[in-house]
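Please report on the charge pairs, the chain contact and the surface patch of this structure. Keep it short.

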Amino acid sequence: MEVYSLRNLSFRYPGAAENAVNDVSFNVSSGEFVLLCGVSGSGKSTLLRCLKTCLRPHGEHEGEVLFFGETLDGYSHAAQTQRIGFVLSSCDNQTITDTVLHELAFGMENLCISNGEMKKRIAEISSFLGLEGLLDCTIDSLSGGKRRILNLASVLIMQPDVIILDEPVSQLDPVGAEEFAQVIRKVNLEFGTTVIVCEHELDAFFSVADRILVMSEGRLISDASPEVTVKELPEKNPSLSELFPLPARVFIRAKTGCDRVPTDIPTARAQLSKLQPFEKFTPQLTEKPKQKPFVTAENLFFSYSRGSDDVLHGANIKAERGEIMSVVGGNGAGKTTLLHCLGGVKRPYNGKIRIDGADPSDRKSRIRAALMPQDTTALFVKDRLYDDLDEAIADNVSAADRKKLIDDCAGLCILKELLDRHPYDLSDGERQRAALAKLLLTNPQLMLLDEPVKGLDRPSKRRIGELLRRIALGGMCIIIVTHDMDFAAGYSDSCTLIFGGECTHSLPVRDFFTGSTFYTTSARRMTRNIIEGCITENDVLSALGNSDGDDDSGRGTPVDLFCNIKPVSSKEKTHTARPFKAVAAGVLFLLFLACGALSAWLFGAGNTAPAIGGCGLTVLFAVISAIIAADNSFSEVTVTRVRRKRHIMVLSLVSVLVAVPLTIGAGIVIFDDTKYLFISLLIMAECMLPFFAVFEKRVIRTRELVIIAVMCAFCVMGRAVFYMLPEFKPVTAVVIISGATLGAQSGFLVGSVGMLASNMIFGQGPWTPWQMFAMGLIGFVSGIVFSNASSWKSRVTISLFGFFVSVVIYGGIMDPASILMSHLPFTPSSVLACYLAGLPLDLVHGISTALFLYFCSVPVIKKLERIKLKYGLIE
Amino acid sequence: MVKQLSRFHPLSMLAFIVSVLAVVLVINDPVMLLVSLFISLIYIFAFGGRTVFLRYILMTCICAAGVMLINPLVSHRGITVLFYLPDGNPLTLESVIYGAAAAVLISSTVNWFYTVSICFNSERIVYLFGRLSPRLALLLSLTLGFVPKLQRRLADIRAARSVVNRDFTQGRPGERMKNAACIMSSLIGGALENSVDTADSMTSRGYASRRRTSFSPFRLYARDVVFILTQLSCLAGIMYFYFSGKLDFSYYPTFSAAELTLSCAAAYILYAFMCSLPLIVCMKESIKWKFIRSGI
């Protein structure tokens, strides 16, 4: 039975000149294990996504996809969900809920499976995949490998006919990758589930697969069994043999004359030992003069809190200028922590770190280090790569030099054509190079790279490796943490193994890899005891007498970007003068604050007439400063509106007009008008319910729901990060921005759910409903105020608005709430007293909101708008 | 003990907390308030141990003292004047006593919320909301799933930036604010881009705006039903006494010195029983365990 038959499938992205998938036809039969490979950009992911209707990207497609003999689009969404399991490439982003149990249940809930059946399936799958002990854990606490297995489990649990996996192991460390490949194999063999895998890290799957499909430039150029593929493809297309696993590569390039090309290490060893006996391979090494170590770390001890286990336990490390050092070791061995200690991000509680004789955690010292995190998107902050690179350069560099630096660096890192792209639109390899460029532009002496080649295909890895070599030749010290042994062997000078927080040994790279049996490269494993001394592919090739292999170790010209750059002293610094308008607006804003405080004080002192005058002045100042400030800082941002039906208005109106008076009446009749707290809680519930009711019933796009969730999570984060500063938090700013960009309803949800969720972490209390109501209201109001894109012109306006709503709405609700909660008498004088007492904190809240909005609103709104446009959230 | 409490179904716990709090919010009978305060403290001691208990006692004292002091200063109702304040307003005995009652009330409410936090972990809250609105539950669950992802990302961003002195704890105030803005926009940008994958994954696993079942790991046992019914009937009983005027206690203009009738006593005992029922069940189980173990 054919599971899939593709007939002349072509796909073209909107606006693209060429087809991403071009005239592809193939069949997949039931129970088959198919491996799809190709260099990055060959269209394999796009092809894979065309195999499930809901994942197919927007664009034109031609040809047919048949699923069990019928056209794929004829199957309903539910049927496809159940029968086609799709595991996406990103491990973290595709988990949906917070706990393992709910993650497993999610798909089944959508298929309307009964609770009993769900429990049964969860029990089955978790014992099959070894997740029993983890069901109650949060997903966050799982290791990368386990998370991958969870991704698979949450798809398998729907009992699909076919599972499709997009780059399942390239993000994993070798142990995790091996484990995951075993699981997939088991699923394929024992359940007879058809498996289609797309991967560039082929070593794990190549010999397991029944068929290999090779794609190049959108076309399917080979469709055969692994043995036939390794034999025939190199003849047709020699450059693509780079895709193969190492043994196949070596045998193809060495032209040993064997008629069978081995695809895995055991076969390769058997074939090698049949050839003539080899001598020990001794490469020519250029002796480097001994230098004084540039980085030394002695006996580092680090733990996250007192009493918890040590992450670093007496780690030592030494590196010189111009040296590339790889740090290898298992998961949780403390590699990243070591890197952070060297960068001064974390401080070891014991031990000494010296970089060029200075302590990195001492901020006054002039060491220049740069750190590249595992997820390099964390480095990018702007909307254009050029701006992002510019951001990295120190302020004291003149404009002309900046441009030259960026150009040089882009040339070096092969980024010239990409400078105008959005950093997130780059491919993985391009993004790693862009990250390196950004680090280089900070003019570091020491580069700390965390997994720089994770998830990259071989050509991209080679480009990064060669780039690092050139940089190191310029005198830079580079320390790399990696799981990729082949990369470490190919490009580093020395290698350190870290185990249990301790550096067990640190040796020149050759000695390191020839000396160890487990932590070693595939070339070494293939040739151990047959050809001694080989650690890389090129070593093996030279030992086999093949000289035409391209020389990976060839060192290019050294790099020194900053040799001609002279810092400008801070006075000459090219400083863009603040426009007069902003200064004027700021002064008026201060006056407005002063007037507001004054009139509040006057009210408190009982001088009503001057207080009213003060209020008038306050409003006047606010209006003037808003008008003056109506500059064009938003002119580059166009805010699009998400249209909504008006249910919510009608419902809330009904609720407010009918239910609220009824409640108050009932309160007066039944409780003699004394149970303010009880009644007010009821009223709040009545005001909030319509929002939640509409949210439950209305049609909402999944992407919109997820974006609302991100904003809610952002509220929680804002409270967590600024927990030590009372009331100085970005929460209100986030809620206002959400309301302004996503609409009033979503604004309400972000506010109220954000408060509810954050109280789950900071403690629920009688205050929870009040906070939910107040924040929700802020989101709602800002949604209404900013619904008309022309009504806001500047970030000063939105900051002023933020100040007003924080003081008036949030303070206005939370201050009297504290009277009600403490059962003090609810009289005008007590309310006024309460407002006065709460005013200082309200002002702090207002000012912090205004500040956050002033600095963050433009970039954050830009980001939200980009997502809305790119993923079509606006009708 | 905490484990035993988590064996109750979330609905049982909801019934328990709602009835306990409803009584305190509606009825301001001083004895009732004292009972509530006393039992809530027992809960804290039983589930939190000594350190938490002492912390709560301290917190309770501070906040009670505040309310007790403020009330007589702002409220001048009551007829038993103790003395006159410097501004000429009277300080009355009634308002002092009312302040004390309010202090007991607010501290017992805060204390009960400790029990709430023990009874309702995020899983249970999500479940309860799921009963009302499955989509809201999903939103909560998504939010809670995003928080650790964002935290990890934030740590990454801050690490990379603090090496080059661009964290929001470094530099002059203006720079700090700019750095904070950069970090915030980078954090949100990445999270939003990644969220598209999450949405794809949801769609791929069949999420669409239509009916879906909701998975619950909880099972409503017969004992939960009995528990809920007991709680609700206790609540009904107390409310009956209240509305029939047996528990009418007023502080102003002067104390309506309610005599301790039989129905009053019945209401107090009912309330004490209602409050301590989960504790009794847990205790019974603990004792049983001890018994079984000694039998082995």
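## Salt bridges

Over all chains, the count comes to 39 salt bridges. A salt bridge here is a side-chain nitrogen of Lys or Arg within 4 Å of a carboxyl oxygen of Asp or Glu. Side chains of opposite charge can pair when their charged atoms come close. Glu117(A) pairs in this way with Arg121(A), the closest N and O atoms being 3.0 Å apart. Both lie in helix α4 (residues 115–129) of chain A, four residues apart, about one turn of the helix. Helices are DSSP runs of H or I, at least four residues, numbered from the N terminus.

This is a predicted model, in which local features need pLDDT of at least 70 and side-chain atom pairs count only at pLDDT 80 or more, while totals for chains, interfaces and linings use all residues. Residues are numbered from 1 along each chain as its sequence is written, chains are lettered from A and ligands numbered from 1 in the order in which they are written, and side-chain values use heavy atoms, with hydrogens and water left out.

## Where chain B meets chain A

Chain B puts 93 residues into the contact, and chain A puts in 115 residues. Contact means heavy atoms within 4.5 Å. Together the two chains bury about 9,700 Å², 67% of it on carbon and sulfur atoms. Buried area is the accessible area (1.4 Å probe) lost when two parts are put together, summed over both. On the chain B side, Arg135(B), Arg205(B) and Phe215(B) lose the most area to chain A, together 10% of what that side buries.

Nine salt bridges are counted between chain B and chain A. In one of them, Arg205(B) meets Glu103(A) at 2.6 Å, N to O. α6(B) gives the most to the side of chain B that touches chain A, with 27 residues.

## A nonpolar surface patch

Ile664(A), Ile668(A), Val669(A), Ile670(A) and Phe243(B) form a nonpolar patch on the surface, with about 480 Å² of accessible area together. Helix α21 (residues 647–671) of chain A gives the most to this patch, with four residues. Val669(A) lies in that helix. Patch residues have over 30% relative accessible area and no salt bridge, and nonpolar side chains are joined within 5 Å. Accessible areas come from the Shrake-Rupley method with a 1.4 Å probe.

Definitions and conventions: Helices (H or I, at least four residues) and strands (E, at least two) are DSSP runs, numbered from the N terminus. Patches are made of residues with over 30% relative accessible area and no salt bridge: like charges are joined within 9 Å, nonpolar side chains (Val, Leu, Ile, Met, Phe, Trp, Tyr) within 5 Å.
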